[in-house]
Amino acid sequence: VVSARSARAAAAGGGTSAPADSGQPRILLVEDSVDLRNYVRDDLSDEFQVLVAANGRSGLELARSDVP
């Protein structure tokens with residue numbers, strides 16, 4: 001699960017956040033709107049390990065580097 005601090009830091013910087021393995025199913029959330037990205041991440045984080053990217057390029061890099 002993405003911690004609120006690391007997700008906010010990634011969101012503020014427009015970067016990515018890759019949480020440690022928690023045993024939960026993993027999803028990749030790519031959204032450029034900070035508010036929407038945070039809302040969706042918070043909504044899903046109880047059931048999923050949410051990887052967060054602020055744009056398509058970062059999302060693609062994260063998807064390639066963190067293959068399940």
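Predicted model: local features only at pLDDT ≥ 70, side-chain atom pairs only at ≥ 80, totals over all residues.

Visitor: What percentage of the residues is buried?

Guide: A residue is buried under 20% relative accessible area, exposed over 50%, and partly exposed in between (1.4 Å probe, protein chains only). Buried residues make up 29% of the 68 residues in the protein chain.

Visitor: Which secondary structure pattern does the protein chain follow?

Guide: Helices (H or I, at least four residues) and strands (E, at least two) are DSSP runs, numbered from the N terminus. The protein chain has three helices and three strands, and their order along the sequence is α-β-β-α-β-α.

Visitor: How many bridges join strand S2 to S3, and in which direction do they run?

Guide: Two strands pair if DSSP finds at least two bridges between them. Strand S2 (residues 26–30) is joined to S3 by five bridges, and the two run parallel. Within this pairing, Leu-29 stands opposite Val-52, and Val-30 stands opposite Ala-53. With helix H2 (residues 34–44) included, S2 and S3 make a right-handed β-α-β unit. A crossover is called right-handed if, with the strands pointing away from the viewer, the path from the first strand over the helix to the second runs clockwise.

Visitor: Why is strand S3 described as largely enclosed?

Guide: In a regular strand, side chains alternate between the two faces of the sheet. In S3, Gln-49, Leu-51 and Ala-53 point one way, while Val-50 and Val-52 point the other way. Five of the five residues of S3 (residues 49–53) are buried, so the strand is largely enclosed by the rest of the structure.

Visitor: Which residues does Val-30 touch beyond its neighbours in sequence?

Guide: Contact means heavy atoms within 4.5 Å. Not counting residues up to four places away in sequence, Val-30 touches Ala-53, Asn-55, Gly-56 and Gly-59. Val-30 and Asn-55 are 25 residues apart in sequence, yet their C-alpha atoms are 5.9 Å apart. Val-30 is partly exposed, at 37% relative accessible area. Leu-28, also a residue of strand S2, is in contact with Leu-51, Gly-59, Leu-62 and Ala-63, leaving aside its neighbours within four places. The relative accessible area of Leu-28 is 36%, so this residue counts as partly exposed. For the protein chain, residues 24 or more positions apart account for 52% of the contacts with a separation of 6 or more.

Visitor: Which residues of H2 are buried, and where do they lie around the axis?

Guide: The buried residues of H2 are Arg-37, Asn-38 and Arg-41. They cover an arc of only 95° around the axis, so they lie on the same side of H2; the arc is that of the directions from the helix axis to the C-beta atoms. On the other side of H2, Asp-35, Tyr-39 and Asp-43 are exposed.

Visitor: How many salt bridges are there?

Guide: A salt bridge is a side-chain nitrogen of Lys or Arg within 4 Å of a carboxyl oxygen of Asp or Glu. By this rule there are two salt bridges. One joins the side chains of Asp-66 and Arg-26 (2.5 Å, N to O). This pair links distant parts of the chain, 40 residues apart: Asp-66 is in the segment after helix H3 (56–65), and Arg-26 is in strand S2. Asp-66 is partly exposed at 22% relative accessibility, as is Arg-26 at 32%. Asp-42 forms a salt bridge with Arg-41, their closest N and O atoms being 2.5 Å apart. Asp-42 is partly exposed at 42% relative accessibility, whereas Arg-41 is buried at 2%.

Conventions. Residues numbered from 1 in each chain as written. Heavy atoms only, no water.
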